[in-house]
Amino acid sequence: MTERGNILELRDVTTIFGSGITETYANRNVNLTLPTEPASIISIVGESGSGKTTVARTLLGLQQPTHGQALWRGKPINTLGKQERYEYRKEVQAVFQDPYGIFNPFYRINHVFDMILSRFKLASGKKEQQEIVEASLRAVGLRPGEVLGRYPHQLSGGERQRVMLARAHLMRPKVIIADEAISMLDVAIRATVMNILLDFRDNDGISTIFITHDLSAAHYLGGDIMVMRKGEVVETGDVDDVLHNPQHAYTQLLLTSLPNPDPDLRWQTDINQLAELERAAGVSDR
Ligand SMILES: Nc1ncnc2c1ncn2[C@@H]1O[C@H](COP(=O)(O)OP(=O)(O)OP(=O)(O)O)[C@@H](O)[C@H]1O
Ligand SMILES: [Mg+2]
């Protein structure tokens with residue numbers, strides 16, 4: 001039987017930063033629904049500063065909207081009780097840009113998994129722990145024997161991102177929120193990561209909210225697209241329909257030119273965000 005309802009929902013979310021002349025509407029009346037089943041992909045695109053990360057942070061419970069509501073399984077995220085919050089943290093996972101900053105350089109890769117295995121009590125014994133870690137690494141196309149004993153700097157950016165995907169997969173989440181998860185990767189590796197997300201959807205019932213500057217990536221993933229501009233959703237729908245027949249002038253513009261983000265700035269934000277999330281989930285050792 002299919003589970004009904006929405007796993008995540010934004011209802012008329014408006015998020016304002018600052019006041020007076022510094023007032024910024026990071027999000028303005030944003031609506032989004034992600035059904036619990038079947039697993040699906042929603043890409044969020046838009047120029048730098050259009051409010052995409054604010055949507056991600058709101059869905060991750062890191063940003064409280066000024067107006068409107070962010071809901072997990074129909075409940076406002078900010079009112080979840082302890083047990084519900086724990087379930088929510090398991091079900092809604094995040095993957096950001098190259099996550100180098102989240103890895104502790106002094107620990108081998110195993111450590112990334114050990115932390116969440118114990119925090120979320122995902123396995124009953126050492127043997128089971130080993131099995132589920134290996135299964136998740138295989139699900140992202142990595143060889144456990146080659147990866148687990150290595151230090152973070154001994155992996156490529158693509159491998160590190162796959163480790164993060166394996167780590168999210170380990171939790172058996174319902175949703176992965178991927179904010180620019182492929183932006184730092186070579187074009188060739190981008191497809192690998194996107195294929196993993198498609199496999200997660202098809203094999204494991206995991207949905208993805210995929211934030212990107214790359215319209216071709218959104219197209220590759222299929223599903224739905226949400227186009228944002230200055231905090232507002234200007235167009236939404238099936239990605240093929242929207243990209244082949246854009247209704248809004250801004251979407252048409254995006255199709256011809258996309259501004260480049262500042263990689264240095266975003267790198268730093270990315271690390272801070274993940275660290276913040278780790279602290280919220282109580283699994284950080286940094
Ligand atoms: N904590 C904050 N304090 C003040 N302003 C903020 C804060 N977070 C975001 N903003 C502002 O809100 C707007 C939307 O930011 P957001 O990070 O959501 O955009 P984005 O679409 O993710 O951009 P990018 O593509 O560059 O990552 C921007 O104008 C940004 O400067
Ligand atoms: Mg962003």
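Colleague: What makes Lys174 count as buried or exposed?

Modeller: In this predicted model, the relative accessible area of Lys174 is 16%. Buried means under 20%, so Lys174 is buried.

Colleague: How do you know that Lys174 forms a salt bridge with Glu37?

Modeller: The closest N and O atoms of Lys174 and Glu37 are 3.6 Å apart. The cut-off for a lysine nitrogen and a glutamate oxygen is within 4 Å, so the pair is a salt bridge. Lys174 sits in the loop between helix H6 (157-170) and strand S7 (175-179), and Glu37 in the loop between strand S2 (24-35) and strand S3 (41-46).

Colleague: Why is Glu37 called partly exposed?

Modeller: Its relative accessible area is 27%. Partly exposed lies between the 20% limit for buried and the 50% limit for exposed, so Glu37 belongs in that class.

Colleague: What makes Arg73 and Glu91 a salt bridge?

Modeller: Their closest N and O atoms are 3.0 Å apart, and the limit is within 4 Å. Arg73 lies in the loop between strand S4 (67-72) and strand S5 (75-76), whereas Glu91 belongs to helix H2 (residues 82-91), so the bridge ties together parts 18 residues apart in sequence. Glu91 is buried at 12% relative accessibility, while Arg73, at 28%, is partly exposed.

Colleague: How do you know that Glu9 and Arg11 meet in a salt bridge?

Modeller: The N to O distance between their side chains is 2.9 Å, and the criterion is within 4 Å. In this pair Glu9 is buried at 14%, and Arg11 is partly exposed at 40%. A search of the whole structure gives 9 salt bridges.

Colleague: What makes helix H1 (residues 52-59) largely enclosed?

Modeller: Of its 8 residues, 7 are buried, so the rest of the structure largely encloses H1. The buried residues are Lys52, Thr54, Val55, Ala56, Arg57, Thr58 and Leu59. After H1 comes Gly61, with a positive phi near 75°.

Colleague: How do you know that the buried residues of H10 line one face of the helix?

Modeller: In helix H10 (residues 249-256), the buried residues are Tyr250, Thr251 and Leu254. Seen down the axis of H10, they fall within an arc of 100°, so they line one face. Ala249 and Thr256, on the other side of H10, are exposed.

Colleague: What do the buried residues of H10 pack against?

Modeller: They pack against S3, helix H8 (215-221), strand S9 (224-229), strand S10 (232-238) and helix H9 (239-244).

Colleague: Why is Gln161 called buried?

Modeller: Gln161 has a relative accessible area of 0%, and buried means under 20%. Gln161 is in helix H6.

Colleague: What does the side chain of Gln161 reach?

Modeller: The side chain of Gln161 reaches the backbone oxygen of Ala181 at 2.8 Å. A polar contact requires N or O atoms within 3.5 Å, and this pair meets that distance.

Colleague: What makes S6 and S10 the edge strands of the sheet?

Modeller: The sheet is open, with 6 strands in the order S6-S7-S8-S3-S9-S10 and mixed pairing. Strand S6 (92-95) and S10 each pair on one side only, and that makes them the edge strands. On average, neighbouring strands of this sheet are turned by 15° against each other, direction ignored.

Colleague: How do you know that S3 and S8 pair?

Modeller: S3 and strand S8 (residues 207-211) share 4 bridges in the parallel sense. Pairing needs at least two bridges, so the two strands qualify. As one of the contacts between them, Ile42 has Ile209 in S8 as its bridge partner.

Colleague: Which helices lie across strands of this sheet?

Modeller: H2 lies across S6 and S7, at about 45° to S6. Helix H7 (residues 187-204) lies across S3, S7 and S8, at about 150° to S8.

Colleague: How many helices and strands are in the chain?

Modeller: The chain has 11 helices and 10 strands. Of its 286 residues, 49% are buried. Among contacts with a separation of 6 or more, 72% are between residues 24 or more positions apart.

Terms used. Residues are numbered from 1 along each chain as its sequence is written. Chains are lettered from A and ligands numbered from 1 in the order in which they are written. This is a predicted model: local features need pLDDT of at least 70, side-chain atom pairs count only at pLDDT 80 or more; totals for chains, interfaces and linings use all residues. Side-chain values use heavy atoms; hydrogens and water are left out. Buried means under 20% relative accessible area, exposed over 50%, partly exposed in between (1.4 Å probe, protein chains only). The arc is that of the directions from the helix axis to the C-beta atoms. Contact means heavy atoms within 4.5 Å. A polar contact is a pair of N or O atoms within 3.5 Å; within protein, one must be able to donate a hydrogen and the other to accept it, and residues adjacent in sequence count only if both atoms are side-chain atoms. Axes are lines fitted to C-alpha atoms, for helices over the stretch in contact, and angles run from 0 to 180 degrees between N-to-C directions.
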